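Visitor: I'm new to this structure and would like to learn how to read it. Could you walk me through it, one feature at a time?

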Amino acid sequence: MTALLDVEGLSKNFGGLQVSAGITLALHAGERCALIGPNGAGKTTFVNLVTGVLEPCAGTIRLAGETITRLPAEARVRRGLIRSFQVARLFRSMTVREHLELAVLEREGHTHRLFASVGRVPGLADEVAGLLDGMGLTAVAGTAVGRLAYGQQRLLEIALALALKPKVLILDEPAAGVPHAESHRILDALERLPPDLAVLMIEHDMDLVFRFARRIVVLAQGRLLCSGTAREIAADPRVREVYLGSRADVQPH
Amino acid sequence: MSAATNHAATASAPAHGGRASRPQRLRDGAAAPLLAALGLAAFWLFPDDLGLMTRILTAALYVLSLDLVLGYAGIATLGQAAMFGTGAYAAGIAAVHLVADPLVLLAVGGVAGGLIALATGTLILRGRGLTLLMLTIAVAQIVQEVANKARDLTGGSDGLSGIDPGPLLGLFRFDMYGRTSYLFALAVLLAGFLVARRIVRSPFGLACRGVREDPVRVAALGGSPKRLLVAMYAVAGVFAGVAGALSAVTSGIVGLDSLGFSWSAEALVMLVLGGTGRLWGAILGTVAFMTVHHLLAATDPFHWMLFIGLFLMGTVLFLPGGLASLADRFTRGDRP
């Protein structure tokens, strides 16, 4: 079976600094993978390279067999490679519902329509209602996002990604900034993701990582350090070593 | 029976969906009839000021075009007059040499405004913020200089005169009192307002609002921010071009000041005064600015600029959402 997302030898230098050094990673349908590593390991750079925000110096990226290494970010999105943002990056003056409408309209290629009414696009209202319901956001559908609690903004980030019907979903720290008491809601949402979706999660919250991921990939200084199940990673002395000083406590719960 | 149930369900859906709060929907429904009613009332009440009021309506359509660009797509521009003036000159030149039908002239102006916006927008909308602002100024200056040098066509600094449009729809002559001009301008503004409202509520309009807030996020949803911006710039160019043509048709002359920097800047002042990102704010701001301008200039020809300045400062300081936000307070519409 070919991988949905296939990254090979991905490298990036900023001047003399190598922030990504020949990273190779394959992601299959239905996989739940987490990418971890200490601060400055190059996790976000890796996400930016894969999603097309940055251009790699070397390496190839394939999505469902098609090479997408040089495609612009929006073209990758249209092919089903979707990301969420580390810091909720939303349109502050727009309502929750408008966000999801925009995502669905973009996915369906409707945004060139000047004279159609958003309220009358067939099937849109139902689909948006379903997405709102799925994330428990129905009650705040008409609220401007700027007034939303942070945890709800994170849920909306996930709902937005799902609205685009991803094949591969990259979640950049989905629980960052969410109070610990509320992070279970994020986990709940993540556990209800479509089963055939390939998910790559970047996360610092080890609790969330160990609960969610079947496979963990560890990045350190721009290189792939090791990969394995939660138990293997927790037992690996190299992982403990790179985390010493920043986060020595790596244990499955 | 099932048909009836279905009907009831669709009828109640928007209310349950909460697409817009009730006062907002009421206000939306009332905006166009109110505009028409006020416009007609002014026609009866001030028959001696039809010339000024026609200029106000024309300017309102022009400021509306700026609202599409700035308020709904976040494009900072001080060059909207380039589209207005191009539309005015195109219509004026067509009127002198080719056609007399006023509606055709408006179409000529709209196409010209749209094309110049499309061409220049494709070039300059790579930039953002201050860079873009400078580029829009530069474009307007270039267009103005071209109009100045093309003396044979435009009349240069003397202006283009001899625009004598035929009767509207073949029926209504443009009379010396400006009645036809005024009613024509009112109808065009109304139509422009309704079309603009349709556009800002379309999927395209929603995507443009997204770009205004965060282009990178729109790209992450699969949209092309640059394409959306250029499209909105061109659409607004059509509106500005029609406004320019309307000014040429109703006033009979086109001058270089229709392309000037101060005309671009005044549009911005009027828009901010009325409130950006809400179409009737553009109309309200234009009416307020030009009325106050006219009254002050008549009563105190030496210090009126000072009072205009104070008026603007007061509005910006005490009503940051513009005059339109006053109406929000009264109707308690739920707008962020």
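Visitor: Let's begin with confidence. Over which residues of chain B does pLDDT stay under 50?

Guide: First, keep in mind that this is a predicted model. In chain B, residues 1–19 are the stretch where pLDDT stays under 50. The model has 6 contacts beyond four places in sequence for that stretch. For chain B as a whole, the mean pLDDT is 84, with 89% of residues at 70 or more.

Visitor: And what ipTM and pTM does the model score?

Guide: The scores are ipTM 0.82 and pTM 0.85.

Visitor: Now the chains themselves. How many helices and strands does chain A have?

Guide: Chain A has 9 helices along with 10 strands. Chain B has 15 helices and 0 strands.

Visitor: How does the radius of gyration of chain A agree with that of a compact globule?

Guide: Chain A has 253 residues, so a compact globule would have a radius of gyration near 18 Å; the value for chain A is 19 Å, which agrees. Along the principal axes, its C-alpha atoms fill a box of roughly 55 × 40 × 35 Å.

Visitor: What share of each chain is buried?

Guide: In chain A, 45% of the 253 residues count as buried. In chain B, buried residues make up 47% of 336.

Visitor: Where do contacts reach along the sequence? What percentage join residues at least 24 apart in chain B?

Guide: Take contacts between residues at least 6 apart in sequence: in chain B, 77% of them join residues at least 24 apart. Counted that way, chain A has 65%.

Visitor: On to the place where the chains meet. How many residues of chain A are in contact with chain B?

Guide: On the chain A side there are 34 residues, in contact with 26 residues of chain B. The elements of chain A that give two or more residues to this side are α2 (73–78) and α3 (96–107). The largest share, 7 residues, comes from α3(A). By type, the chain A side divides into 16 nonpolar, 8 polar and 10 charged residues.

Visitor: Which helices do the buried residues of α9(B) pack against?

Guide: They pack against α3 of chain A, and also against α3 (50–73), α8 (179–200), α10 (215–220) and α11 (225–251) of chain B. Helix α9 itself, residues 203–213, is mostly covered, with 10 of its 11 residues buried. Among them are B:Phe204, B:Leu206, B:Cys208 and B:Arg209.

Visitor: How do I describe two packed helices?

Guide: You give the angle between their axes and the distance between the axes. Look at α13 (residues 279–299) and α14 (residues 304–318) of chain B: they pack at an angle of about 150 degrees, with axes 9 Å apart. Their crossing is right-handed. From α13(B), B:Val292, B:His293, B:Leu296 and B:Ala297 meet B:Trp304, B:Phe307, B:Ile308 and B:Phe311 of α14(B). The residues of this contact divide into 7 nonpolar, 1 polar and no charged.

Visitor: Let's finish with a single residue. Why does B:Ala147 count as buried?

Guide: The cut-off for buried is 20 or more other C-beta atoms within 10 Å. B:Ala147 counts as buried because it has 25 C-beta neighbours inside 10 Å. B:Ala147 lies in helix α6 (residues 129–149) of chain B. Leaving out residues up to four places away in sequence, B:Ala147 touches B:Gly85, B:Tyr89, B:Thr154, B:Leu256 and B:Leu259. B:Ser157 is 10 residues from B:Ala147 in sequence, and their C-alpha atoms are 8.7 Å apart.

Definitions and conventions: Residues numbered from 1 in each chain as written. Chains lettered and ligands numbered in written order. Predicted model: local features only at pLDDT ≥ 70, side-chain atom pairs only at ≥ 80, totals over all residues. pLDDT = per-residue confidence, 0-100. Contact = placed C-beta atoms within 7 Å. Axes fitted to C-alpha atoms, helices over the stretch in contact; angles between N-to-C directions. Helix = DSSP H or I, 4+ residues; strand = E, 2+ residues; numbered from the N terminus. Left-handed = near helix turned anticlockwise from the far one by under 90°. Nonpolar A, V, L, I, M, F, W, Y, C, P; charged D, E, K, R; others polar. Rg over C-alpha atoms; globule rule 2.2 N^0.38 Å. Buried ≥ 20, exposed ≤ 12 C-beta atoms within 10 Å, placed from the backbone.
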